[in-house]
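Please read them with the structure open.

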Amino acid sequence: MEQERRRLHNAVQELKGNIRVICRVRPLLEKERHNDMNHIQFLPSDEKVITLTKEQESRTGNNRKDVVKHNFSFDHVLQPVAKQEEVFEDISQLVQSALDGYNVCIFAYGQTGSGKTYTMEGPDELTCDTKGMIPRAVDQIFVTARRLETMGWLYKFTASFLEIYNETIRDLLVTKSQKAVVYDIKQCSNKSEQLYVTNLEYISVSTVEEVNKLITISKSNRSVAKTAMNDHSSRSHSVFQLHIEGSNAANGLVC
C-alpha cells in the first residue's frame with residue numbers, strides 16, 4: 001500500500017514536470033514608491049503568463065511612441081500581493097518526494113534586491129506568515145516524518161549550510177573562520193552521483209528547533225561577512241542542504 005502511494009505520488013509530480021519555474025514579482029519597497037508597476041501586466045484568466053510593456057520610438061516617426069509587449073510563460077506567476085504561504089503551496093508536494101527518497105532542489109534566482117533571501121528564508125524576525133521556503137519545508141518534513149513513524153518509518157536528518165563567494169566555499173555553521181581549512185566538492189564514490197564537500201560541518205538534527213538554530217547561526221555569519229564587502233551579497237550564493245535517510249524494517253524499504 002505504501003509503495004503504491006509513493007509510486008502514484010511521484011508519478012503525479014513527474015507529470016507536473018521535474019523542472020518547474022515559478023515567477024514571483026515582489027512589491028515595491030518604500031524607496032521605490034515614486035515609481036509604478038504599469039509596465040507589468042498580469043492576466044486574470046492565466047496565472048502562467050506575465051506581460052512586460054515598453055515604449056519605443058514609432059517606426060512611422062512623427063514623434064510617436066509605440067507600446068511593445070513581451071509575453072513570458074512560467075509554470076506559475078505570483079503577483080506582488082502573494083504571501084509566503086501561496087509560494088510554498090507550489091512546492092509543498094516536493095517535500096513528500098524528498099521523504100520518499102527523491103533528490104529535490106529548490107532555489108531562487110534573480111538580481112540583487114529581488115527578494116531571493118526573503119523568499120527562501122524570510123525576514124530576520126520570523127512570524128507564521130513571513131516564514132520562507134526553507135523553514136516551511138523543514139516544518140513539513142518533520143511533521144510528515146512523525147506521521148510516517150506510525151507506519152514503521154524511521155528517519156535520520158543531517159543538515160549543512162554553506163556559502164559560495166567568488167568560487168570559494170565557506171562553511172556558514174562555523175562561527176570562526178578557519179583559513180587553513182580547504183573545502184572541495186567531491187563525488188561520494190565512483191558508483192554514486194552524490195556529492196559532498198570536504199571538511200564541511202554536517203550536523204545531525206532531530207527537531208525543527210535544532211534546524212532553525214542552525215539557520216540563525218548561518219544568517220548571522222552571512223551578515224557579518226556582508227558588512228565587510230559592499231558587493232558581497234551580489235556575488236554570494238548560500239546553499240542549505242538537509243540529507244534524509246529513511247528506513248522501514250517491517251517491509252525492508254530504505255530511501
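1. Y102, V104 and I106 make a nonpolar surface patch of about 230 Å². Patches are built from residues with over 30% relative accessible area and no salt bridge, with like charges joined within 9 Å and nonpolar side chains (Val, Leu, Ile, Met, Phe, Trp, Tyr) within 5 Å. Areas come from the Shrake-Rupley method with a 1.4 Å probe, and for residues only the protein chains shown count as cover. I106 is in the loop between α3 and α4 (116–120), and is partly exposed at a relative accessible area of 33%. Buried means under 20% relative accessible area, exposed over 50%, and partly exposed in between (1.4 Å probe, protein chains only).

2. On provenance: this is a predicted model, in which local features need pLDDT of at least 70 and side-chain atom pairs count only at pLDDT 80 or more, while totals for chains, interfaces and linings use all residues. Residues are numbered from 1 along each chain as its sequence is written, and side-chain values use heavy atoms, with hydrogens and water left out.

3. The protein chain has seven helices and 12 strands. These are DSSP runs numbered from the N terminus: helices are H or I of at least four residues, strands E of at least two. Of its 255 residues, 33% count as buried. The chain exposes about 17,400 Å², and carbon and sulfur atoms supply 52% of that area. Among contacts (heavy atoms within 4.5 Å) with a separation of 6 or more, 60% are between residues 24 or more positions apart.

4. Helix α3 (residues 92–99) is largely enclosed by the rest of the structure, because seven of its eight residues are buried. The buried residues are S92, L94, V95, Q96, S97, A98 and L99. Just after α3, G101 takes a positive phi of about 100 degrees.

5. Which residues have the most contacts inside the largest nonpolar core? They are Y155, F157, V205 and I244, in a core of 33 residues. A nonpolar core is a set of buried Ala, Val, Leu, Ile, Met, Phe, Trp, Tyr and Cys residues joined through side-chain atoms within 4.5 Å. At least two residues of this core come from each of α2 (84–89), α3, α5 (133–149), β6 (153–165), α6 (208–228) and β11 (236–248). The most come from α5, which gives eight. Neighbours within four places in sequence aside, Y155 is in contact with L99, A145, L148, I244, E245, G246 and C255. Apart from this core lies another, of six residues, including L162, Y183, V197 and L200.

6. L253, in strand β12 (residues 253–254), is buried, with a relative accessible area of 15%. Leaving out neighbours within four places in sequence, L253 is in contact with Q3, R6, W153, G246, S247 and N248.

7. The whole structure holds seven salt bridges, each a side-chain nitrogen of Lys or Arg within 4 Å of a carboxyl oxygen of Asp or Glu. One of them joins K219 and D124 (3.7 Å, N to O). K219 lies in helix α6 and D124 in the loop between α4 and α5, so the pair ties together parts that are 95 residues apart in sequence. D124 is exposed, at 70% relative accessible area. Salt bridges that share partners also join E163, R170 and R222 into one network.

8. R26 pairs with E32 in a salt bridge, with the closest N and O atoms 3.0 Å apart. R26 is partly exposed at 26%, whereas E32 counts as buried at 18% relative accessibility.
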